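Here is a short briefing to read alongside your structure. Take a look at the fold, then follow the notes below.

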Amino acid sequence: MIPSIHKRGSATFGLLNYLYGKGTHEEHVDPHLVAAWDSFAPDPGRVQGADALATKRQLQRLLDQPVQALAESHRPAKHVWHLSVRAAPDDPVLSDEQWGEIARRMVAATGIAPTADDAGCRWAAVRHADDHIHIIATLVREDGRRPRLNNDAKRSQAEARVIEAEYGLKQLSTGDGTAAQRPTSAERHKAQRQGRERTAREELRESVRRAVTGARSEEEFFDRLAAAGLLIRKREAPSGDLLGYKVALPDDRNKDGEPVFYPGARLAPDLSLPRIRERWSADSDEIASTVTSGSASPTSASAARRRAATAAWVAIGVVEQGEDAVAAAYIATAGEVLDALAKTSAAYTRRELRDAATAFERASRSHVRAVRGHDRALRQAARDLVHGGPALGRGEDGASTAMAIDMLFFLIAAAAHWHARKGHAQQAEAATRAAGHLRNAYQAAAAQPLGVLYQRGRRLSRPVLQRQTAALHEALPGLAEQILAEPGWYALAATIAEAEAAGYDPAVLLADAAESRELGTADSVSDVLVWRLRRRADLPADAAGIPKNRTARGPAPVRPAAARTTTSGRRFGEESPGNTR
């Protein structure tokens, strides 16, 4: 149940005229009273023609009587209070009697007409659709005093949670004011008329979010908006400094045929130009370093995905153990990585990744203000994904996509736990939904590369399998039997064999991969270990390109850990700068 307090007004009849009218798009059906301050209040919805207009005037005069009784100098300038209460889409259709009781509870909870207070404000609740009501009230009590409406929005939300529990309705979470603005009913009806799946506001929010992902400057950001086909209107100071921006869809027009522009801040709080600039200012040192060193982003999609997996792995530790402001920055940037991955992934994972990014958008903001700068590696990973270009759905691209999704799943799960600890109910629920979409995307992406590894594992000789089983029992005695019973064991065995052939100690590698992050919540422990081992040992994500006899031979001489290096040039086990693992 979603209560929403609207801006106060000064025209009682104007609001009544809307509530009892056909609606902007003739969406109002059978408008009528379900409750009021007086059970004998006139109902314009139950009379026709000229009588209906007269009855609306009568209702307006009755509602305004306490206001008109005051001297004109003492009347409030904005005396019309308006609350809409909407049921969730999955809720059953409530009766007029139920909506009437909900209205009485809402005016009591908000302070409009407290229970057992005969001198409360006058109010009326109008129903003109199955799923919601509107409550109109005038803000002068019968005794001439003003109502106490401090925190009326929060009190309506609290009462909604109680009503949901008592009526068996969908339990929603109370927001904290950081959510993006929901589309209005007019925007939803307009989208339906135009045959759009989403409103213009929602399409623009996603387009702007993707444009800012990995962008390093205002010029790059606005170039991406233009490339996406959006209309852009910039707001400048007299000095010429850029103050803000608005965007519009070319085919979204108002009644005068003009484009409907939305400011970035109206799309989402973190899409205002000042908030976007915070990301760029934190990147300035890194950009200068990149220019000086001549280093560049990975040129391939698979390299970008491996880098994203590594950055996500580091981020998990920060979210779990870091300071709140730094963790909040990593969580916000995780949304950029999801956007970039969705934008550049193959068709068979794109929809789930896009849904994951859309769901996580709500989890990317909270009242904990993010301190930017520490999250540079994760932002760089988002840039790499964008500049690495679209990934193929097979080979190293497909397998590295599965590796990246696997790591991101645990990062998003860590974000959900972080929000839950902070009491951010909406954000925790959004992150949990995003994790569900990532799980679906992972299953689609991992099927082929894990299938190849499974077949390789099945072909391993008995002595090799026995050696891998012994290493597993040595490294993970508490999980060994569970892993051996999983279908993914053979894929893990093949990965262990590859790492062993490359000179790594299987027991040390397994123990290190398991100790650095918990495994209890994994659907398949063996799957998780496959990607952790392949990343840590710098093995190709796609085993199909490895000669089949590589894992069939005996182990190579194990080099000392200090002598082994990764493809990045670091010694095996040496952390990248900023890694808190």
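The largest nonpolar core holds 93 residues, a core being a set of buried Ala, Val, Leu, Ile, Met, Phe, Trp, Tyr and Cys residues joined through side-chain atoms within 4.5 Å. Buried means under 20% relative accessible area, with a 1.4 Å probe and protein chains only. This is a predicted model, where local features need pLDDT of at least 70, side-chain atom pairs count only at pLDDT 80 or more, and totals for chains, interfaces and linings use all residues. Residues are numbered from 1 along each chain as its sequence is written, and side-chain values use heavy atoms, leaving out hydrogens and water.

**Cores**
- Phe360, Leu411, Ile412, Leu438, Leu492, Leu529 and Trp531 have the most contacts inside the 93-residue core.
- Helix α14 (residues 395–422) gives the most to this core, with 14 residues.
- Beyond its neighbours within four places in sequence, Ile412 is in contact (heavy atoms within 4.5 Å) with residues including Phe360, Ala434 and Leu438.
- Another core, of 26 residues, lies apart from it, with Trp81, Met106, Ile135 and Ala160 among them.

**Val80**
- Val80 is found in strand β3 (residues 80–86), and counts as buried at 3% relative accessibility.
- Its C-alpha atom is separated by 8.6 Å from that of Leu15, 65 residues apart along the chain.
- Leaving aside neighbours within four places in sequence, the contacts of Val80 include Arg8, Thr12, Leu15 and Ile136.

Key. Buried means under 20% relative accessible area, exposed over 50%, partly exposed in between (1.4 Å probe, protein chains only). Helices (H or I, at least four residues) and strands (E, at least two) are DSSP runs, numbered from the N terminus.
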